[in-house]
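Dear colleague,

Please find below the structure that I am handing over to you.

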Amino acid sequence: MKTRAANDARRAAVLGSPIAHSLSPVLHRAAYEALGLTHWSYDRFEVDEAALPGFFAELDSSWAGLSLTMPLKRAVMPLLDEVGETAASVEAVNTVVFTEDGRRLGDNTDIPGMIAALRERGIEKVESAAVLGAGATASSALAALSRLCTGPVTAYVRSSARADEMRQWGERLGVDVRIADWAKAARAFDAPLVVATTPAGTTDALAQAVPDRPGTLFDVLYDPWPTALAAAWSARGGAVVGGLDLLVHQAVLQVEQMTGCATAPLAVMRAAGERALTAP
């Protein structure tokens, strides 16, 4: 992949709707400063699916890349010249890189970001896992687990439609997905790795069911933090990987792809994210 020199004046941004809450500008700007990319800028733009083609049409050669959040991860795919294997596997692009020759390359750094966040905590392989929820993030979790989990993954869902979706994703990704009703979600805590992919507040009622010796919890939320479930998990001695860990690791990969720098400053980016989350 050929990109412009990193010392050129370049632009990047995160797109989505809603987008005001995004920490991506904080993380990417911290990386640019640490890397000495003084002519680089990173912004956020409120863009929905209807507005996305028009936004792309206005981009000029100063743009290096885009980060994409919901609801654009699938909508962007027809606008790209090439979609990487990882992104294609879950039909979700969260990273677009613009090459010097004008091509638009789509990738997904959420999945390798999840894997990197878990490996940072010493999780290389597990014999089984559980996933709480069945939304878009759950499919990325299954893709990550396809590389980490050697046995079955039990998905706890609320509806038969969601159950069917998770089964289909499992077949597509080569994961042995087993379905369980959300009413029995506390049983997920018997697994050595639990991935919570649900919106804020959804798992709060489960906090009281955390066992005395839990395994590892990966809760993809980062605000508010800690979630009630993550706090209870830590209190009982379990290892917790949080949404900020995921956000930072996937952003590291984005920075490396967009700038061409071999290594992005993970520690600097994490510290910037932590400061932003604790600021008044």
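Is Arg167 buried, partly exposed or exposed? With a relative accessible area of 39%, Arg167 is partly exposed, because the partly exposed class lies between under 20% for buried and over 50% for exposed. Please note that the model is a predicted one.

Arg167 forms a salt bridge with Asp164, and their closest N and O atoms are 3.0 Å apart. Both residues belong to helix α6, where three residues, about one turn of the helix, separate them. Asp164 is likewise partly exposed, its relative accessible area being 39%.

Other salt bridges share partners, and they join Glu120, Arg121, Asp245 and Arg270 into one network.

In the whole structure, the search finds 12 salt bridges. One of them is formed by the side chains of Lys73 and Asp110, at 2.9 Å from N to O. This pair links distant parts of the chain, 37 residues apart: Lys73 sits in the loop between β3 (63-68) and β4 (82-83), and Asp110 in helix α4 (residues 110-120). Lys73 is buried, with a relative accessible area of 18%, and Asp110 is buried as well, at 11%.

A further salt bridge brings together the side chains of Arg172 and Glu91, at 2.7 Å from N to O. Here too, distant parts of the chain are linked: Arg172 lies in helix α6 (residues 160-173) and Glu91 in the loop between α3 (85-90) and β5 (95-98), 81 residues apart. Arg172 is partly exposed, with a relative accessible area of 44%, and Glu91 also counts as partly exposed, at 27%.

With kind regards

Terms used:
Residues numbered from 1 in each chain as written. Predicted model: local features only at pLDDT ≥ 70, side-chain atom pairs only at ≥ 80, totals over all residues. Heavy atoms only, no water. Salt bridge = Lys/Arg side-chain N within 4 Å of Asp/Glu carboxyl O. Helix = DSSP H or I, 4+ residues; strand = E, 2+ residues; numbered from the N terminus. Buried < 20%, exposed > 50% of the residue type's maximum accessible area, 1.4 Å probe, protein only.
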